[in-house]
Amino acid sequence: VQLQASGGGLVQAGGSLRLSCAASGSIFRNIGMAWYRQAPEKERELVASITGLGRTNYADSVKGRFTISRDNAKNSVYLQMNALKSEDTAVYYCNADLITDMGRRRGYWGQGTLVTVSS
């Protein structure tokens, strides 16, 4: 199983970016997907998550600005980020909670995509 993330880049404060992440491989069931981020010298933190039924959860710092969505048919998750702030600068990682064709459940991580917000 592989997760491929894309969509990061440099944006001015107040701007928008959309991150995408697609899971591929021997996937039997996709339980949930999420975005995490890690800023320099900080621990990785949960940004937003979404279950297979579409239930979402957001970090307080991004509520009202970020929107997570998913396409179950494509095993993909998206993060629409609006009104970006300099403190949103971080490497963003997608995560997927999957059951493989072998019946094994575990979490998988994408490679990370850098988001830089200039003030």
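A disulfide is a pair of cysteine sulfur atoms within 2.5 Å. Keep that in mind for the opening stops. The model on screen is predicted.

**Stop 1: the disulfide**

Select Cys21 and Cys94. A disulfide joins these two residues, with an S to S distance of 2.0 Å. The structure holds one disulfide, and this is where to find it. The pair links distant parts of the chain, with Cys21 and Cys94 lying 73 residues apart. In general, a disulfide is a covalent bond between the sulfur atoms of two cysteines.

Turn to the S-S bond itself. The angle about the bond is 50 degrees, and the link of Cys21 and Cys94 is right-handed.

**Stop 2: the strands around the link**

Colour strand 3, residues 17-24, which holds Cys21. Then colour strand 9, where Cys94 sits. Strand 9 covers residues 90-100. Now show the surface. Are Cys21 and Cys94 buried or exposed? Both are buried.

**Stop 3**

Move to Asn82. This residue lies in the loop between strand 8 (76-81) and strand 9 (90-100). Asn82 counts as partly exposed because its relative accessibility is 30%, between the 20% and 50% cut-offs.

Which residues does Asn82 contact, beyond its neighbours within four places in sequence? Select Gly15, Ser16, Arg65 and Phe66. Zoom in on Ser16. Its side chain makes a polar contact with the side chain of Asn82, at 2.9 Å.

**Stop 4: a distance to check**

Finish with Val47. From Asn82 to Val47, the C-alpha to C-alpha distance is 13 Å. In sequence, Asn82 and Val47 are 35 residues apart.

Definitions and conventions:
Residues numbered from 1 in each chain as written. Predicted model: local features only at pLDDT ≥ 70, side-chain atom pairs only at ≥ 80, totals over all residues. Heavy atoms only, no water. Helix = DSSP H or I, 4+ residues; strand = E, 2+ residues; numbered from the N terminus. Buried < 20%, exposed > 50% of the residue type's maximum accessible area, 1.4 Å probe, protein only. Contact = heavy atoms within 4.5 Å. Polar contact = N/O pair within 3.5 Å; in protein donor to acceptor, adjacent residues only side chain to side chain.
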